[in-house]
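This briefing is meant for a reader who is meeting the structure for the first time. Please keep the sequence and the model in view while reading.

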Amino acid sequence: MDQFNFKKAAMQEKEPYQKPGYLLDDIAILSGCAYLSDLRYVPACQRRIPLALKSIHPQVYSLWDWADAAEYLIPQAPVFKTVFDGYDYLLRAFKRC
């Protein structure tokens, strides 16, 4: 519960979230989703992904984390060279939602 409160506070304060867990779980929590699968299937959660991403500093997570998140959220996502590539790709992809 403390971890959730910290993430919620970070999102409300619009400061970069710096206490990493599993990237997909963190995006789901910051998006207000009850389940990880909501990120894929609930339009309201998908619309909140850009806001969640803006509260995360890309370098807090590994390149593998960004590639895994992109592959889960957008099958056949491209290969990224840097964590910033993964971050930018997801941000652009979900700004269209």
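How many helices and how many strands are there in the protein? In this predicted model, the protein has six helices and zero strands, and along the sequence the pattern reads α-α-α-α-α-α. Of the 97 residues in the protein, 40% are buried.

**Helices H5 and H6**

- Two packed helices are described by the angle between their axes and the distance between the axes.
- Helix H5 covers residues 63–73 and helix H6 covers residues 83–95, and their axes come within 8 Å of each other while crossing at roughly 25 degrees. Because angles under 35 degrees count as roughly parallel, H5 is described as roughly parallel to H6.
- The crossing in which H5 passes H6 is left-handed.
- On the H5 side the contact involves Leu63, Trp66, Ala69, Ala70 and Leu73, and these meet Val83, Gly86, Tyr87, Tyr89, Leu90 and Phe94 on the H6 side. Sorted by class, this contact of H5 with H6 has 10 nonpolar residues, one polar residue and no charged residues.

**Aromatic pairs**

- Counting rings whose centres lie within 6.5 Å as pairs, the count comes to three aromatic pairs. In one of them, the ring centres of Tyr61 and Trp66 are 6.1 Å apart and the planes stand at 85 degrees, so this pair is edge-to-face.
- Tyr61 and Trp66 are both buried. The pair of Trp66 and Tyr87 is also edge-to-face, because its ring centres are 5.7 Å apart and its planes are at 85 degrees.
- Since Trp66 lies in helix H5 and Tyr87 in helix H6, their pair ties together parts that are 21 residues apart in sequence.
- Trp66 has a relative accessible area of 0% and is buried, while Tyr87 is buried with a relative accessible area of 12%.
- Taken together, Tyr61, Trp66 and Tyr87 form one aromatic cluster.

**Helices H4 and H6**

- Helix H6 also packs with helix H4, which covers residues 43–54: the axes of H4 and H6 come within 8 Å and cross at roughly 145 degrees.
- The crossing of H4 and H6 is left-handed. From H4, the residues that make the contact are Gln46, Ile49, Pro50, Leu53 and Lys54, and from H6 they are Tyr87, Leu90, Leu91, Phe94 and Lys95.
- By class, the contact of H4 with H6 has seven nonpolar residues, one polar residue and two charged residues.

**Helix H2 and Ala28**

- Helix H2, residues 23–30, is mostly covered, with six of its eight residues buried; these buried residues are Leu23, Leu24, Asp26, Ile27, Ala28 and Leu30.
- Ala28, which has its place in helix H2, is buried with a relative accessible area of 5%.
- When its neighbours within four places in sequence are left aside, Ala28 is in contact with Cys33, Tyr35, Leu36 and Leu39. From C-alpha to C-alpha, Ala28 and Ala52 are 8.2 Å apart in space, although they are 24 residues apart in sequence.
- Just after H2, Gly32 takes a positive phi of about 80 degrees.

- Most residues other than glycine have a negative phi, and most peptide bonds are trans.
- Gln76 is not a glycine, yet it has a positive phi of about 70 degrees.
- Gln76 is placed in the loop between H5 and H6, and it is exposed, with a relative accessible area of 76%.

**Phe84 in H6**

- Is Phe84 buried, exposed or partly exposed? Phe84, which belongs to helix H6, is partly exposed, with a relative accessible area of 38%.
- Leaving aside its neighbours within four places in sequence, Phe84 is in contact with Pro58 and Gln59.
- Phe84 and Leu63 are 21 residues apart along the chain, and their C-alpha atoms are separated by 8.6 Å.

Notes
Residues are numbered from 1 along each chain as its sequence is written. This is a predicted model: local features need pLDDT of at least 70, side-chain atom pairs count only at pLDDT 80 or more; totals for chains, interfaces and linings use all residues. Side-chain values use heavy atoms; hydrogens and water are left out. Axes are lines fitted to C-alpha atoms, for helices over the stretch in contact, and angles run from 0 to 180 degrees between N-to-C directions. Helices (H or I, at least four residues) and strands (E, at least two) are DSSP runs, numbered from the N terminus. Angles under 35 degrees count as roughly parallel, over 145 as roughly antiparallel, 65 to 115 as roughly perpendicular and the rest as oblique. A crossing is left-handed if the near helix is turned anticlockwise from the far one by less than a right angle, and right-handed if clockwise. Contact means heavy atoms within 4.5 Å. Ala, Val, Leu, Ile, Met, Phe, Trp, Tyr, Cys and Pro count as nonpolar, Asp, Glu, Lys and Arg as charged, and the others, Gly among them, as polar. Rings of Phe, Tyr and Trp (its six-membered ring) pair if their centres lie within 6.5 Å; planes under 30 degrees apart count as stacked, over 60 as edge-to-face and the rest as tilted. Buried means under 20% relative accessible area, exposed over 50%, partly exposed in between (1.4 Å probe, protein chains only).
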